Amino acid sequence: MCLSIPSKVVEVDENNMATVDTMGIKRHVSLDLMADEINIGDYILIHVGFAMNKIDEEEALQSLEVYREMLEAMEEEERRKVIETDDNCVNRGEA
């Protein structure tokens with residue numbers, strides 16, 4: 001399942017890596033493919049460990065609310081798996 005869950009940047013280091021929070025799960029992603037400057041507090045979309053797009057906060061928060069509603073219907077383990085594996089989706093970009 002490819003969701004492109006918005007992730008909030010919580011830290012950026014000197015190696016152009018960011019720590020992001022994706023609905024409570026923290027992980028590290030590369031900012032090397034980003035043309036836009038990324039700062040703490042920005043929202044990004046991730047694919048296979050790379051930040052791919054920066055999105056505005058209002059859009060990110062609206063999307064996160066929809067995802068929260070969907071996740072509430074799932075079992076805890078299924079929720080964690082969906083969030084943790086989202087950025088590795090092999091079908092992203094396909095119609």
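**Reading the charges in a predicted model**

Glu57 is found in helix H1, residues 57-72.

Me: What kind of model is this, and how are residues numbered?
Reply: This is a predicted model: local features need pLDDT of at least 70, side-chain atom pairs count only at pLDDT 80 or more, and totals for chains, interfaces and linings use all residues. Residues are numbered from 1 along each chain as its sequence is written, and side-chain values use heavy atoms, with hydrogens and water left out.

Me: In what order do the elements of the chain run?
Reply: Helices (H or I, at least four residues) and strands (E, at least two) are DSSP runs, numbered from the N terminus. Here there are two helices and five strands. From the N terminus, the order is β-β-β-β-β-α-α.

Me: Is Glu57 buried, exposed or partly exposed?
Reply: Buried means under 20% relative accessible area, exposed over 50%, partly exposed in between (1.4 Å probe, protein chains only). Glu57 has 46% relative accessibility, so Glu57 counts as partly exposed. Of the 95 residues of the chain, 36% count as buried.

Me: How many salt bridges does the structure hold?
Reply: Side chains of opposite charge can pair when their charged atoms come close. A salt bridge is a side-chain nitrogen of Lys or Arg within 4 Å of a carboxyl oxygen of Asp or Glu. This structure holds one. Lys54 and Asp42 form a salt bridge through their side chains, at 3.4 Å, N to O. Lys54 lies in strand E5 (residues 50-55) and Asp42 in the loop between strand E3 (25-30) and strand E4 (43-47), so the pair ties together parts twelve residues apart in sequence.

Me: Are these two partners buried or partly exposed?
Reply: Lys54 is partly exposed, at 35% relative accessible area. Asp42 counts as buried, at 16%.
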